[in-house]
Amino acid sequence: MTAEDPRLREWMVAAQQGDRLRYGQLLTAVLPILRRAARARWPQADGAAIEDAVQETLLALHAARRLYDPARPFVPFLLGIMRFRGGDAMRRYRRAGARETPIDTIPETTGALMTNTTPDAGLEAASLRAAIARLPSGQRRAIELTKLAELSLEEASATSGMTVAALKVATHRGLRALRRMMLGPEMAGGAVKGPDHHDAP
Amino acid sequence: MMHPEGQTERLIAELAGALVPVRRLPPPAVRLGYWLAVSLPAAAAVAFAFGLRPDLAARLGESGFWIAGAAAMLTAVAAAYAAFCAALPDQPDWKLWLPLAPLALWLGTLGRQCLLVLSTAGAGGFALTTDFMCLPAIALGGFVPAAALVVLLRRSAGVRATNACLCGGLAAAALGAAALRLYHREDAAIMVLIWQLGSVALLSVLAAAVGRTLVERPARRPGTA
């Protein structure tokens, strides 16, 4: 075992007297010592657990600085604190790990955490509204009444003044035109260049 | 408390920025001296308050009385020293076992007395009687030593608090039992073994169970001494 840096003891004595600069130097100097010691003591622990034990040791060192006797070496004092207080932190970490699931191990693409499972629905609705607006007036009126307002053919006929037969034809043609506009001619089942501009009689 | 990696440097800055001077704690041997300076007069005062036993002069001539008494005193001293060491992180574990040697001597002395009684008086020497005075007498004799230990340990309880309390309880109870020998006339060795050592064991375990709450000060924010 190599002899410890004599400055550690000097800095700790200065820290007991309230020297903040030396205390900062001391804590910075012991940080790699603590990380190395923690990794050696708990080789199975992950990085977060090691860092937790290191920080717990630093806090305990701060609380226990009145206990340090300058007649004794500093590193055994520091590692003694890590053994007990860092060990407490490690036990807490393991207990928490046994009953909790770290949130960052859940796949980012999981659907379990999503509240809006159809995020494109709004876009499709807007496209549909735009396509309906492009329909000839007769077909647009028939679609609005029978599909959007969900009226019966008789009610739609009474509202629009169109006959039931004319409503059926206009709705059929309107739907076919919408399908072509939304899905393309191939998907819609025919090579049609654009919306059907034949209005219902 | 959990800090994600990378925040340790910030924690160091916070701790350093909140540093205040502290008064260094004396070594365990010095604190043992403080404890004895308070506890021995207190235990002696309890013995004198109850009145010294009438056969004390005769008993002082027996080596067995001296050995058992010295073993009880040594147990108290070693246990108090172990309690002060237990609370320090850089003290080795073997020091926590120091009281076991005089405790074994104490037990051995009393056990030997039991065997002597068995060989001379037969099984009749083991007639068990109740001696309810032991527990409160030892508790009373050990009260000031225990209170002094709580005060001294409260200034130092950093680690191994339960071990420190167990050793501290043993120290106070052993000192109370040592004082008890000066004013209480035991009937038979077996009674001493059961009632006195039983009381010591009970008080020690009790101290280990509840002492932690007495000696551990609540966690303080960085920056407070």
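## Chain B at a glance

In chain B, 87% of the contacts with a separation of 6 or more join residues 24 or more positions apart. A contact means heavy atoms within 4.5 Å. This is a predicted model, in which local features need pLDDT of at least 70, side-chain atom pairs count only at pLDDT 80 or more, and totals for chains, interfaces and linings use all residues. Residues are numbered from 1 along each chain as its sequence is written, chains are lettered from A and ligands numbered from 1 in the order in which they are written, and side-chain values use heavy atoms, with hydrogens and water left out.

Chain B has nine helices and zero strands. Helices (H or I, at least four residues) and strands (E, at least two) are DSSP runs, numbered from the N terminus. Of the 225 residues in chain B, 48% are buried. Buried means under 20% relative accessible area, exposed over 50%, and partly exposed in between (1.4 Å probe, protein chains only).

## Two helices in chain B

Helix α2(B) spans residues 28–50, and helix α4(B) spans residues 63–86. They pack at an angle of about 135 degrees, with their axes 9 Å apart. Axes are lines fitted to C-alpha atoms, for helices over the stretch in contact, and angles run from 0 to 180 degrees between N-to-C directions. α2(B) and α4(B) are therefore oblique to each other. Angles under 35 degrees count as roughly parallel, over 145 as roughly antiparallel, 65 to 115 as roughly perpendicular, and the rest as oblique.

Which residues meet? On α2(B) they include Trp35(B) and Leu40(B); on α4(B) they include Phe84(B) and Cys85(B). The residues of this contact divide into 13 nonpolar, no polar and one charged. Ala, Val, Leu, Ile, Met, Phe, Trp, Tyr, Cys and Pro count as nonpolar, Asp, Glu, Lys and Arg as charged, and the others, Gly among them, as polar.

## A helix pair in chain A

Helices α7(A) (residues 153–160) and α8(A) (residues 164–183) pack at about 100 degrees, with axes 9 Å apart. That makes α7(A) roughly perpendicular to α8(A). Leu153(A), Ala156(A), Ser157(A) and Ser160(A) of α7(A) touch Val164(A), Leu167(A) and Lys168(A) of α8(A). Here four residues are nonpolar, two polar and one charged.

## Cysteines without a bond

How many disulfides does the structure hold? Zero, over all chains. A disulfide is a pair of cysteine sulfur atoms within 2.5 Å. For Cys85(B), the closest cysteine sulfur is in Cys167(B), 9.3 Å away, too far for a bond. Cys85(B) is buried, at 0% relative accessible area. Cys167(B) also counts as buried, at 7%.
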